[in-house]
Amino acid sequence: MSTVDSRFATPKGRSLVIKEVHALQILDSRGLPTLQVELDLEDGHRVQAASPTGTSTGGLEVAELRDHGPAYSGHGVRSAVAVVEGELATLLTSRPWESIRELDDAMRELDGRPQLSRLGGNCLVALSMAAARGFADLHEMSLHAWVASELGATESLPIPYFNIVNGGLHATNSLAFQEFMIVPAGASSIEAAIECGAEIYQVLSRTIGRSYRDTGLGDEGGFALAISRPEDALDMLMEAIREAGYTPGVNTVAIALDAAANSFYRNEGYQLENVTISSTDLVDYYHQLARNYPIRSIEDGLAENDRDGWRELFARIGDSVQVVGDDLFVTDAARIERGATEKLANAAVIKPNQTGTVSGTFAAIDTARRHGMRSIVSHRSGETLDTFIADLAVGSGAGQFKAGAPARGERVAKYNRLIEIAAETPGLGYGATSTNGSNHLAGLVNH
Ligand code: 2PG
Ligand code: MG
């Protein structure tokens with residue numbers, strides 16, 4: 001029997017050949033429909049991905065294709081299934097693809113509109129994420145290693161941001177700020193960071209049980225308490241951190257906020273607990289909170305169109321607090337670049353479905369990196385068990401990652417994927433940026 005000498009074997013094809021494209025309407029973590037896609041590849045592999053969806057979305061995110069019919073109060077995605085299996089399948093199976101960029105550009109061109117409102121960003125992002133998995137397979141790499149090679153980045157395990165008290169549009173309470181997160185900044189490994197987050201979450205669950213009867217859960221698995229003052233949430237976090245045996249502090253267990261300020265911005269004012277305050281007053285308030293609590297990061301502190309407010313916040317606290325743009329940047333390279341030039345923020349949230357493609361996401365990460373801005377790779381409030389963002393966070397070396405509470409299946413799937421990657425990849429750095437290999441929070445002075 002003859003054996004094949006590998007030196008004479010035909011080199012493994014390096015272009016992605018898609019044979020069939022399938023789509024399904026499935027449910028996300030909020031019980032609303034979302035899209036799952038599957039690509040059958042020439043080599044017999046099958047790759048899948050599902051679109052996440054936001055609740056507090058930025059005005060300039062790419063559009064989603066939804067049915068607007070009677071089913072699911074208009075949220076159905078049967079039209080998206082038809083588009084994926086129709087027009088987009090015809091394109092994707094029409095030729096081999098040399099790169100994710102080429103494939104994404106062709107889908108964008110077919111859509112023809114800047115916000116992808118014809119074919120839908122939910123269709124494109126799921127297909128692009130599945131194709132990224134196809135490219136990783138083709139190169140016989142893990143998804144995170146492929147991401148690193150595409151971005152020329154040094155892989156690292158990110159510091160997790162655990163969202164454990166929920167408000168804003170993610171909860172039915174009257175807390176204006178959307179997310180109160182704990183950040184195990186002083187942990188030395190991803191396992192230690194996850195242990196810290198999970199322990200504090202468990203303690204919080206017990207302590208709030210003592211004080212509140214009406215406790216619900218927000219969209220991202222954090223507790224939704226019947227409170228309206230941010231200080232009450234912050235005090236509770238401080239107590240839970242201590243009771244779990246940790247030390248609150250900017251370099252130990254820090255606190256991060258996502259105010260998601262678009263949701264309480266009305267008529268050029270910010271509505272907090274039934275009073276409307278100016279942008280300058282809100283900036284003062286953040287400054288005061290950052291003095292009284294170990295707050296390391298404030299996301300969407302101002303509304304996306306309040307650029308003067310952003311400039312003021314950044315000038316006031318940007319040297320000691322990470323000022324993060326989410327709705328402000330919508331994972332768009334050009335908007336990140338403008339934000340860096342105008343000194344509006346020093347970090348960007350990265351969500352693939354805000355921009356609609358994996359290569360658009362790479363461009364956003366790369367732009368942030370080139371401008372010395374930090375990145376936080378992020379989930380959405382509507383999630384599935386898809387763990388794409390965990391690999392994206394590791395492969396890009398972003399250094400920071402938010403995926404909600406350390407509880408609920410769709411949230412822990414992402415944290416568990418980080419644990420899995422750490423176990424499979426001994427020696428991987430933790431919490432380091434890809435640019436200078438130092439701790440991602442380095443460079444902020446203590447306040
Ligand atoms: C955010 C996200 C995720 P949503 O504002 O950062 O936490 O929420 O997906 O609802 O936009
Ligand atoms: Mg946000």
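Visitor: Which cavity is the space taken by ligand 1?
Guide: The largest cavity is the space taken by ligand 1. A cavity is a set of points, on a 1 Å grid over the protein atoms alone, where a 1.4 Å probe fits but cannot get out. This is a predicted model, in which local features need pLDDT of at least 70, side-chain atom pairs count only at pLDDT 80 or more, and totals for chains, interfaces and linings use all residues. Residues are numbered from 1 along each chain as its sequence is written, chains are lettered from A and ligands numbered from 1 in the order in which they are written, and side-chain values use heavy atoms, with hydrogens and water left out.

Visitor: Which residues come nearest to ligand 1?
Guide: His170, Glu179, Glu220, Arg380 and Ser381, out of 15 around ligand 1; to count, a residue needs a heavy atom within 4 Å.

Visitor: How does that shell divide by class?
Guide: It has 8 charged residues, 7 polar and no nonpolar. Asp, Glu, Lys and Arg count as charged, Ala, Val, Leu, Ile, Met, Phe, Trp, Tyr, Cys and Pro as nonpolar, and the others, Gly among them, as polar.

Visitor: Which side chains have an N or O atom by an oxygen atom of ligand 1?
Guide: Asp258 has one at 3.0 Å, and Lys351 has one at 3.1 Å. The protein covers 100% of the 310 Å² of accessible area that ligand 1 has on its own (Shrake-Rupley method, 1.4 Å probe).

Visitor: And what about the backbone of Thr55?
Guide: A backbone N or O atom of Thr55 is 2.7 Å from a ligand 1 oxygen.

Visitor: Changing topic, how many cavities are there of 30 Å³ or more?
Guide: The whole structure has 3.

Visitor: What is its lining like by class?
Guide: The second largest cavity is lined by 6 nonpolar, 3 charged and no polar residues, including Met129, Phe388 and Lys414.

Methods:
A polar contact is a pair of N or O atoms within 3.5 Å; within protein, one must be able to donate a hydrogen and the other to accept it, and residues adjacent in sequence count only if both atoms are side-chain atoms. On a 1 Å grid over the protein atoms alone, a cavity is a set of points where a 1.4 Å probe fits but cannot get out, and a pocket is an open set with protein on both sides within 12 Å along at least five of seven lines; lining residues have an atom within 4 Å of a point. A molecule sits in a cavity or pocket if more than half of its atoms lie within 2 Å of its grid points. Grid points are joined across faces, edges and corners, and a volume is the space filled by probe spheres set on the points.
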